[in-house]
Amino acid sequence: MNKLMRNWPVIALGVLLAAGLVAPLATGASPAGFYVEVLLGGLMTGVLYSLVALGFVLIFKASGVFNFAQGAMVLFAALAVARMAEVMPWWLAALLAIGIMVVLAWVIERVVLRPLVNQEAIALLMATLGVTYFLDGFGQTVWGSDIYEINLGIAKEPVMVLDGIFQGGILVNKEDVVAAVAAAALVAALALFFQKTPTGRALRAVADDHQAAQSIGIPLNRIWVIVWSVAGVVALVAGVIWGSKLGVQFSISQVALKALPVVILGGFTSVPGAIIGGLIIGVGEKMAEVFLGPVLVKAFDLAGGGIENWFAYMLALLFLLVRPEGLFGEKHIDRV
Amino acid sequence: MLYRENGQFKTSYVADQQMLPIRQDQVFMIALVVIAFAVVPFVASDYLIRAILVPFLILSLAALGLNLLTGYCGQVSIGHGAFMAVGAYAAYNIATRLPDLNILIVLVLAGLAAALVGMLFGIPSLRIKGLYLAVATLAAQFFFDWVFARVKWFTNYSPSGSVSVPDIALFGLVLNTPQEKYLFVLAIVALFALVAKNLVRGHVGRSWMAIRDMDVAAEVIGIRPMAAKLSAFAISSFYVGVAGALWGFIHLGSWEPLAFSINLSLNLLFMIIIGGLGSILGSFFGAAFIIVLPIVLNQLPAALGIPISTAMVSHLEFMIFGALIVFFLIVEPHGLARLWAIGKEKLRLWPFPH
Amino acid sequence: MQHARKIGEPILSVEGVSLSFGGVRALQEVSFDVREHEIRAIIGPNGAGKSSMLNVINGVYHPQEGKITYAGKVRQHVDPHEAAARGIARTFQSLALFKGMSVLDNIMTGRNLKMRSNLLFQALRLGPALKEEIEHRAAVERIIDFLEIQPYRKTPVGRLPYGLQKRVDLARALALEPRVLLLDEPMAGMNLEEKQDMCRFILDVNDQFGTTIVLIEHDMGVVMDISDRVVVLDYGRKIADGTPDEVRNNQAVIDAYLGVAH
């Protein structure tokens with residue numbers, strides 16, 4: 001009972017969100033089929049966010065660095081695949097892109113991380129901000145600044161399903177299904193990697209305590225290159241899926257920054273947190289935009305929607321106030 | 001030989017705690033102020049004033065505001081573009097709805113509006129720090145982007161979403177020419193810089209720096225974290241709000257909501273990193289850098305005979321910014337201001353080697 | 001120990017204080033008192049909970065059980081700045097100096113509680129604000145003289161050698177003009193000369209200002225020499241309490257230090 005009372009802000013927030021989630025259905029404001037479509041759409045966007053956030057979490061877990069440049073890496077990888085796929089089959093482009101991301105990881109570790117190894121978190125954050133800007137300019141110089149397409153050979157037209165249960169059926173995108181499956185496979189692979197392989201164990205040791213890991217002979221620098229490469233691969237997968245769905249164009253803000261609220265919700269060091277956080281943000285955003293938006297427009301005589309631009313961040317802000325470590329993160333104790 | 005403290009002994013605490021204790025510095029500063037106020041308006045071209053000096057001054061003010069919060073008090077904010085927007089829109093609304101109000105009062109009110117909003121979004125800083133706080137400030141940035149784009153009252157129901165400012169009247173004189181605007185902005189920025197210097201020398205400034213360096217220890221010696229952090233947010237946002245109002249009124253004249261987007265916030269952060277965190281002078285250096293770099297990038301290749309497209313210039317800009325951020329963080333985390341200080345130290349010895 | 005002032009009534013006492021972090025029990029039902037004007041040492045093997053005890057006294061940690069009585073007021077726990085306002089100052093084992101500031105500024109932050117001029121005056125550095133700055137600068141200079149760190153006043157604290165940094169830490173605590181001074185291993189990492197200097201300073205503070213001193217220290221020679229009474233902690237429990245001589249001959253204390261299984 002005590003624990004319940006101490007955690008009341010979190011519970012209140014949870015109840016509020018749950019209420020918001022079922023409101024459109026409960027109040028009958030939206031037909032069931034449409035509601036499910038929006039829900040699915042939100043989940044799919046959420047999967048994409050999760051993939052980007054996954055890269056964040058990996059790097060933060062292993063090196064304590066908050067990689068602001070993760071989004072830029074996603075875009076860089078996606079652009080690489082998109083442009084190279086113009087002259088070769090997409091799977092070959094993807095393989096080459098993996099190589100490029102590994103090289104990129106190595107360069108970042110050498111040039112940026114190693115010299116800053118003893119600085120505080122803020123300095124590292126700002127350094128990755130610098131990397132973001134650099135990748136933005138460099139990526140556009142090398143790959144170009146138009147919108148490019150990634151064609152994975154998946155049919156783009158939505159498919160109608162479940163029209164027996166819901167009136168009119170539900171439109172589901174095959175691409176989205178592929179994305180969800182790919183994300184699930186990736187998470188499973190990463191989980192196996194971390195738990196079962198020696199390198200994975202080393203990564204977890206480094207995440208816990210750099211100095212202790214070093215003192216038992218774990219080569220910090222090499223581990224970091226590995227981590228950043230894995231994050232690069234994750235970025236690649238995210239980028240390819242995202243790019244296939246929406247087309248790829250370098251634009252600094254939205255992609256990278258959206259993943260921040262995700263890791264706030266999920267906890268900076270939790271892989272399942274990144275997934276669940278992404279899904280919550282994806283669904284929350286979509287629901288807010290489609291169902292809450294028109295309500296607000298009517299009530300305040302607004303000039304249009306766009307709630308999804310800030311909903312994720314406000315949600316993150318609320319979480320920061322009631323549960324800063326996120327749903328699955330670790331509480332930070334300051335020893336003096 | 002030139003730059004020596006030889007013979008300059010301080011015999012009172014007041015003298016020792018002066019802003020510019022070294023006489024050569026005092027002379028330099030006085031010369032700078034005289035040139036800025038009395039010489040530049042007559043000598044500089046309209047283009048130089050309008051396109052370079054005025055934006056430089058206003059951005060310096062904004063960078064100064066952010067530096068007070070991030071450089072002196074250690075609270076990271078990537079949402080300061082939103083507070084500039086609050087200042088700008090507040091000034092716009094006040095000036096349009098109360099047209100006879102003196103521009104100075106409009107600016108102060110705009111600053112206060114921004115200060116209130118800043119304090120509100122600074123409340124999370126009592127529980128969270130570092131990059132968590134940065135994300136919270138992002139919430140402010142995107143929320144206000146949306147508010148000023150969608151809530152029609154703020155743009156006075158303008159159909160396109162953009163606003164244009166009325167004439168600026170200062171005690172009866174309408175500010176029309178670039179020179180008049182320049183002097184107006186210069187006076188404001190000079191005053192605000194002086195005040196900032198006094199604040200960071202006083203106990204408020206020390207409490208900020210204590211919180212930045214080690215907040216647990218600060219609490220233990222009796223500094224209230226809430227008072228220090230909220231005062232930092234409030235004052236910083238006030239500065240940035242006034243800068244935003246000046247930016248909109250004097251530099252832009254008319255603007256759409258995206259004029260104060262995340263790019264502006266990130267630019268401000270770059271200014272203070274490159275210029276020097278925790279340095280008043282550094283804010284000016286950083287702003288100068290951000291203004292001058294695109295111009296150099298635009299003119300230099302042409303001057304050297306290498307043709308580069310405008311898009312390419314913008315990419316180069318990004319790459320150079322990014323590379324410089326990393327460079328400064330590694331080599332000289334205290335930015336150009338520290339390099340300047342080191343230069344002065346060397347100058348003290350010159351021409352002797354040690 | 002001869003004192004200029006007579007040792008008075010208990011000014012600070014902890015009763016039944018228990019503190020845990022997650023599964024780790026740092027303190028278990030510790031009770032002792034500290035009399036005014038005395039020098040009280042807290043000793044014990046590493047990990048005994050000594051620093052945690054100091055942290056509880058000045059409010060950095062909040063104990064799960066027990067109460068703290070200070071200057072007549074009984075509390076479950078305090079806030080650090082409240083403790084400072086009521087006259088408890090401390091130094092830290094791992095120097096908590098403000099690395100970005102000079103020695104002078106570091107000590108000046110200790111005067112923060114006493115500086116009341118409002119923002120507007122500070123902004124223009126006029127009248128009350130300026131007067132205050134000068135007044136407190138004078139007070140800080142007296143402390144700087146007392147601790148003999150005059151040549152370093154403008155040096156950034158991070159550049160000083162360890163021994164001098166510890167002196168600055170002490171100076172900053174003294175700037176609060178505290179009634180009770182909590183010192184966490186003030187002589188750690190010092191050589192013999194530095195230790196003698198620090199001992200002298202601590203005794204002078206106690207003599208000249210009458211400050212009550214609670215001191216964590218590992219050097220037994222120092223403890224026996226300068227303290228009036230000693231508390232011994234081991235694994236978070238109090239195992240002895242008395243004069244240095246009583247404690248020195250206590251079997252439980254000897255066992256604790258020799259690591260005899262218990």
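This is a predicted model: local features need pLDDT of at least 70, side-chain atom pairs count only at pLDDT 80 or more; totals for chains, interfaces and linings use all residues.
Reader: Where in chain C does C:Glu177 lie?

Author: C:Glu177 is in the loop between α6 (162–174) and β7 (180–184) of chain C. Its phi is near 50°, which is a positive value in a residue other than glycine.

Reader: Is C:Glu177 buried or exposed?

Author: The cut-offs come first: buried means under 20% relative accessible area, and exposed means over 50%. C:Glu177 has a relative accessible area of 51%, so it is exposed.

Reader: Which loop holds C:His37?

Author: C:His37 belongs to the loop between β2 (24–35) and β3 (39–43) of chain C. Phi is positive here too, near 70°, and C:His37 is not glycine. With a relative accessible area of 19%, C:His37 counts as buried.

Reader: Where does α2(B) bend, and by how much?

Author: The bend is at B:Ala36 and comes to about 40°.

Reader: What surrounds B:Ala36?

Author: B:Ala36 is in helix α2 of chain B. Its relative accessible area is 17%, so it is buried. Apart from neighbours within four places in sequence, B:Ala36 is in contact with B:Pro41, B:Tyr182 and B:Leu186. For a sense of scale, the C-alpha atom of B:Ala36 is separated by 38 Å from that of B:Val147, a residue 111 places away along the chain.

Reader: Which residues of α2(B) are buried, and what covers them?

Author: The buried ones are B:Asp25, B:Ala36, B:Val40 and B:Pro41. Their cover includes α3 (46–72), α7 (178–201) and α14 (335–349) of chain B.

Reader: Which residues make the nonpolar surface patch in chain B?

Author: The patch has an area of about 670 Å² and is made by B:Phe28, B:Met29, B:Leu32, B:Val33, B:Phe37, B:Leu183, B:Leu281 and B:Trp340. Helix α2 (residues 23–43) of chain B gives the most to it, with five residues. B:Phe28 counts as partly exposed because its relative accessibility is 45%.

Reader: Why do residues three or four places apart in an α-helix point the same way?

Author: An α-helix has 3.6 residues a turn, so residues with that spacing point the same way. Keep this in mind when reading the next list. In helix α7 (residues 174–196) of chain A, the buried residues are A:Glu175, A:Asp176, A:Ala179, A:Ala183, A:Leu186, A:Leu190 and A:Phe194. This helix has 23 residues and reaches 33 Å between its first and last C-alpha atoms, close to the expected 33 Å.

Reader: How many helices and strands does chain A have?

Author: Chain A has 13 helices and two strands. Of its 336 residues, 51% are buried. Among its contacts with a separation of 6 or more, 73% are between residues 24 or more positions apart.

Technical notes: Residues are numbered from 1 along each chain as its sequence is written. Chains are lettered from A and ligands numbered from 1 in the order in which they are written. Side-chain values use heavy atoms; hydrogens and water are left out. Patches are made of residues with over 30% relative accessible area and no salt bridge: like charges are joined within 9 Å, nonpolar side chains (Val, Leu, Ile, Met, Phe, Trp, Tyr) within 5 Å. Accessible areas come from the Shrake-Rupley method with a 1.4 Å probe; for residues, only the protein chains shown count as cover. A salt bridge is a side-chain nitrogen of Lys or Arg within 4 Å of a carboxyl oxygen of Asp or Glu. Helices (H or I, at least four residues) and strands (E, at least two) are DSSP runs, numbered from the N terminus. Buried means under 20% relative accessible area, exposed over 50%, partly exposed in between (1.4 Å probe, protein chains only). The bend at a residue is the angle between axes fitted to the seven residues ending there and the seven starting there. Contact means heavy atoms within 4.5 Å. The expected span of a helix is 1.5 Å times one less than its number of residues.
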